[in-house]
Amino acid sequence: AWDAQAMPMNALKSGEFTSVLELDSGQEYQFRYVYDDGSWENDWEADGYAANGLDGENSIVRV
């Protein structure tokens with residue numbers, strides 16, 4: 001149930017993007033980035049990766 005509008009990222013002057021959210025510690029979360037053109041990308045410096053059952057893998061962050 002990905003929602004591309006749930007956590008929009010803000011562009012910084014440096015050209016990087018940022019978003020802030022609160023996550024419960026001791027948990028593992030899966031995520032991917034969606035670009036304006038609708039393409040999806042993983043974070044290649046994530047804590048791990050998990051098969052998503054659709055088109056490859058999701059990034060994992062462990063908090």
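Which residue forms a salt bridge with Arg32? The partner is Asp55, with the closest N and O atoms 2.8 Å apart; a salt bridge here is a side-chain nitrogen of Lys or Arg within 4 Å of a carboxyl oxygen of Asp or Glu. The pair links distant parts of the chain, 23 residues apart: Arg32 is in the loop between S3 and strand S4 (33-34), and Asp55 in the loop between S6 and S7. Strands (E, at least two residues) are DSSP runs, numbered from the N terminus.

This is a predicted model, in which local features need pLDDT of at least 70 and side-chain atom pairs count only at pLDDT 80 or more, while totals for chains, interfaces and linings use all residues. Residues are numbered from 1 along each chain as its sequence is written, and side-chain values use heavy atoms, leaving out hydrogens and water.

Arg32 is buried, at 16% relative accessible area (buried is under 20%, exposed over 50%, partly exposed in between, with a 1.4 Å probe and protein chains only). Its side chain also makes a polar contact of 3.5 Å with the side chain of Asn42 (a pair of N or O atoms within 3.5 Å, one able to donate a hydrogen and the other to accept it; residues adjacent in sequence count only if both atoms are side-chain atoms). Asn42 sits in the loop between strand S5 (40-41) and strand S6 (48-51) and is buried, at 6%. Beyond four places in sequence, its contacts (heavy atoms within 4.5 Å) include Phe31, Tyr33, Tyr49 and Glu57.

The whole structure holds 2 salt bridges. Glu28 pairs with Arg62 at 2.9 Å between the closest N and O atoms. Glu28 belongs to strand S3 (residues 28-31) and Arg62 to strand S7 (residues 57-62), so this bridge ties together parts 34 residues apart in sequence. Glu28 is partly exposed, at 44%, and Arg62 is partly exposed, at 45%.

Key: Helices (H or I, at least four residues) and strands (E, at least two) are DSSP runs, numbered from the N terminus.
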